[in-house]
Amino acid sequence: MRAFLGRDILTVWQQVELKDRLVHYREIFQSKRIPRYKLARLFFVPFDAYKDKDELLKKHEHHHLKFKKWVEENQTVPLEELEKKVYSQYKEEELEKNNYLKLKSVLLNNILSACEYCENECKTNRSEGKVGKCGVNDEAHISSAFIHMGEESPIVPSGTIFFYGCTMECQFCQNWDISHEFNLERFKGRGTSAVQLANMFYSLVKQNARNINFVGGEPTPNLHIIFESLLIAQVNVPMLWNSNMYLTETSMKIISDIFDIWLPDMKYSNNECGNKYSKAPKYWDALKRNMKMIEERGSGEYIIRHLVMPNHTKCCSIPILDWVNEHLKTPLINIMAQYHPDYKVLQTNRFPEISRRVSTNEMHEVKSYADKLGIYWKSVS
Ligand code: SF4
């Protein structure tokens with residue numbers, strides 16, 4: 001194992017700033033804490049699955065704060081001990097039907113019939129197999145699942161699961177073959193079930209995955225299957241949400257207190273660039289709200305990914321750093337230089353301003369500004 005891991009991976013936790021920012025994440029894979037999805041499964045919440053979405057959401061919000069307190073009190077208790085305590089209070093069958101994670105799963109399945117998982121809010125009836133703007137029907141289609149060694153040092157080896165489909169349409173997409181230009185007809189009826197997905201977690205952890213990393217494309221359209229799989233999963237590693245964060249407030253309410261660590265993209269710092277380059281109206285408004293929700297409602301542990309784009313340091317990179325510095329408590333940022341023209345930017349002449357790689361000067365400008373603000377980025381970039 002040691003020979004398999006790179007130098008950064010072995011030394012990364014010696015950095016105090018990183019250690020202090022990712023306490024929850026680190027202590028789960030050190031077996032000192034229980035992953036949040038397992039805590040949610042042990043948290044008794046009686047509910048009527050036949051109530052409508054608004055009623056269920058009201059119930060969910062009523063229990064959110066109670067769950068938050070319960071997590072603080074119980075996350076470091078040995079799992080077996082906690083299970084024993086909970087099962088002495090509730091019968092197993094009763095808890096299976098009435099727990100906080102189950103409520104979330106029921107809500108997500110309820111929303112699927114007029115889908116509003118993401119800010120497109122296209123209201124597609126995916127329960128009937130119709131295909132949303134994201135290109136996804138009611139099934140989850142997985143392009144690959146493997147141990148990823150190319151993620152940020154604290155994250156690897158990462159048990160990464162790539163889903164087809166995406167809720168945004170970045171004109172420079174480097175994963176366009178799985179995000180946009182896949183042939184759904186070819187896969188229809190052969191989606192990955194929740195049981196198969198839970199088995200994938202197990203197999204990835206057996207191969208030394210330090211976490212389960214949901215990515216794509218974009219994982220958001222698959223929330224209903226992902227949460228069903230969490231209801232049966234047995235692995236004791238952190239769950240990682242790796243996303244463009246273009247989720248609705250409702251979706252964020254449901255998922256924010258479940259994932260142990262987040263890899264949120266912060267691409268643009270205004271709605272105009274979001275709309276022009278990713279066909280994502282209200283991008284910046286949604287992103288700001290969702291980033292705050294990670295801190296206020298969830299584990300508050302994340303590594304932001306900011307892809308520096310050519311001719312976008314003044315309008316996007318610098319204002320993102322300013323906003324992060326002003327509004328977030330413990331930011332860690334991966335400042336990424338790997339932008340290259342791809343997809344529509346390569347196929348058309350519509351975006352000459354982003355038809356090149358990022359220059360050394362642009363990267364220097366962004367990194368030195370992060371240094372000036374005192375934002376921590378080096379060990380995760
Ligand atoms: S996830 Fe897909 S179907 Fe649901 S609102 Fe977004 S684009 Fe529409």
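**From a loop glycine to the sheet and its surroundings**

Gly217 lies in the loop between strand 3 and helix 12. The structure shown is a predicted model. The peptide bond that leads from Gly216 into Gly217 is cis, and its omega is near 25 degrees.

How many strands does the open sheet have, and in what order do they stand? There are 5 strands, arranged in the order 1-2-3-4-5, and their pairing is mixed. At the edges stand strand 1 (142-148) and strand 5 (261-264); each has a single partner strand, so one side of each is left without a neighbour in the sheet. On average, neighbouring strands of the sheet are turned by 20 degrees against each other, if direction is ignored.

Strand 3 and strand 4 can be followed residue by residue. Strand 3 covers residues 212-215 and strand 4 covers residues 239-243; the two pair in the parallel sense, over 3 bridges. Phe214 has Trp241 of strand 4 as its bridge partner. Asn213, in turn, stands opposite Leu240 in strand 4.

Is strand 4 mostly covered or mostly open? Strand 4 is mostly covered, since 5 of its 5 residues are buried; a residue counts as buried if 20 or more other C-beta atoms lie within 10 Å of its own. The burial applies to both faces of the strand. Met239, Trp241 and Ser243 are buried on one side, while Leu240 and Asn242 are buried on the other.

Helix 8 is the next element to look at. Helix 8 is made of 12 residues, 100-111, and spans 17 Å from its first C-alpha to its last, close to the 16 Å expected at 1.5 Å a residue. Of these 12 residues, 10 are buried, so helix 8 is largely enclosed by the rest of the structure. The buried residues include Leu101, Leu103, Val106, Leu107, Leu108 and Ile111, but also Lys102 and Lys104. What covers the buried residues of helix 8? Among the covering elements are helix 4 (36-41), helix 5 (53-74), helix 7 (92-97), helix 12 (223-230) and helix 13 (249-255).

Ser31 is in the loop between helix 3 (23-29) and helix 4. Its phi is near 60 degrees, a positive value in a residue other than glycine. Ser31 has 11 other C-beta atoms within 10 Å, and because 12 or fewer count as exposed, Ser31 is exposed. Asn208 is in the loop between helix 11 (194-206) and strand 3. The phi of Asn208 is near 75 degrees, again positive in a residue other than glycine. Asn208 is exposed as well, with 12 other C-beta atoms within 10 Å.

The last stop is the ligand. The shell around the ligand holds 16 residues, of which Cys115, Cys118, Cys122, Gly132 and Cys134 come nearest. By kind, the residues of this shell divide into 7 nonpolar, 5 polar and 4 charged.

Key
Residues numbered from 1 in each chain as written. Predicted model: local features only at pLDDT ≥ 70, side-chain atom pairs only at ≥ 80, totals over all residues. Pairing = 2+ DSSP bridges. Helix = DSSP H or I, 4+ residues; strand = E, 2+ residues; numbered from the N terminus. Axes fitted to C-alpha atoms, helices over the stretch in contact; angles between N-to-C directions. Near = placed C-beta within 6 Å. Nonpolar A, V, L, I, M, F, W, Y, C, P; charged D, E, K, R; others polar. Expected span 1.5 Å × (residues − 1). Contact = placed C-beta atoms within 7 Å.
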